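Q: Please walk me through this structure feature by feature. I would like the general idea each time, then the case at hand.

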Amino acid sequence: MNSNWKEIIEYRYNKIKCECFENIINSYISKGIVSDNPKIIHCLGIPGAGKSTFCDGHKEIWKDCVRVGFDDIMEKIPNYHEDIKKFGMIPEFVGRLPVI
């Protein structure tokens, strides 16, 4: 595949772009720290594996980082809470995310 990834991301994001998502993105960008050596640390695992628990228990690792967590982002999406109310939560997330 010989595509420009920036064009793909921009194209796909423009299909779903809305004020809610822009506010979420800007809230993280505003916390950014200018660095000559920027890094991305990606924690990966199945739901309930303990990714957030690990990160919460090792905050010294993230002291110079902007932490972008799936749980945090989902909390900020209004439709997500509506879906939880309508369909319920999957067992892995019970007690992890507040229902507003």
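A: Start with contact, which means heavy atoms within 4.5 Å. With neighbours within four places in sequence left aside, I77 is in contact with C20, F21 and I24. This is a predicted model, where local features need pLDDT of at least 70, side-chain atom pairs count only at pLDDT 80 or more, and totals for chains, interfaces and linings use all residues. Residues are numbered from 1 along each chain as its sequence is written, and side-chain values use heavy atoms, with hydrogens and water left out.

Q: Which helices and strands does the protein have, and how many of each?

A: Helices (H or I, at least four residues) and strands (E, at least two) are DSSP runs, numbered from the N terminus. Here there are five helices and zero strands. Along the sequence the pattern reads α-α-α-α-α.

Q: Where does I77 sit, and is I77 buried or exposed?

A: Buried means under 20% relative accessible area, exposed means over 50%, and partly exposed lies in between (1.4 Å probe, protein chains only). I77 lies in the loop between α4 and α5 (78–87). Its relative accessible area is 16%, so I77 is buried. I77 and I24 are 53 residues apart in sequence, while their C-alpha atoms are 8.5 Å apart in space. Across the protein, buried residues make up 14% of the 100 residues.

Q: What share of the contacts joins residues 24 or more positions apart?

A: Among contacts with a separation of 6 or more, such pairs account for 45%.

Q: How do I read a surface area and a nonpolar patch?

A: Accessible areas come from the Shrake-Rupley method with a 1.4 Å probe; for residues, only the protein chains shown count as cover. The protein exposes about 8,500 Å², of which carbon and sulfur atoms supply 58%. Patches are made of residues with over 30% relative accessible area and no salt bridge; like charges are joined within 9 Å, and nonpolar side chains (Val, Leu, Ile, Met, Phe, Trp, Tyr) within 5 Å. I41, F54 and I61 form a nonpolar patch on the surface, with about 260 Å² of accessible area together. One of them, F54, is found in helix α3 (residues 51–57). F54 is partly exposed because its relative accessible area is 38%.

Q: How many salt bridges are there, and which residues form a salt bridge?

A: Side chains of opposite charge can pair when their charged atoms come close. A salt bridge is counted when a side-chain nitrogen of Lys or Arg is within 4 Å of a carboxyl oxygen of Asp or Glu. The structure holds one salt bridge. It is formed by D56 and R67, whose closest N and O atoms are 2.7 Å apart. The pair links distant parts of the chain, with D56 in helix α3 and R67 in the loop between α3 and α4, eleven residues apart. D56 has 43% relative accessibility, so D56 counts as partly exposed. R67 also counts as partly exposed, because its relative accessibility is 31%.

Q: What else does R67 touch?

A: Not counting residues up to four places away in sequence, R67 touches Y28, S52, C55 and D56.

Q: What volume does the largest pocket have, and which elements line the largest pocket?

A: Rolling a probe the size of a water molecule over the atoms shows where empty space is left. On a 1 Å grid over the protein atoms alone, a pocket is an open set of points where a 1.4 Å probe fits, with protein on both sides within 12 Å along at least five of seven lines; lining residues have an atom within 4 Å of a point. Grid points are joined across faces, edges and corners, and a volume is the space filled by probe spheres set on the points. The largest pocket has a volume of about 1,300 Å³. Its lining takes two or more residues from each of α2 (19–29), α3 and α4 (70–75). The largest share, five residues, comes from α4. Of the 38 lining residues, I41, V66, R67, V68 and G69 lie nearest the centre.
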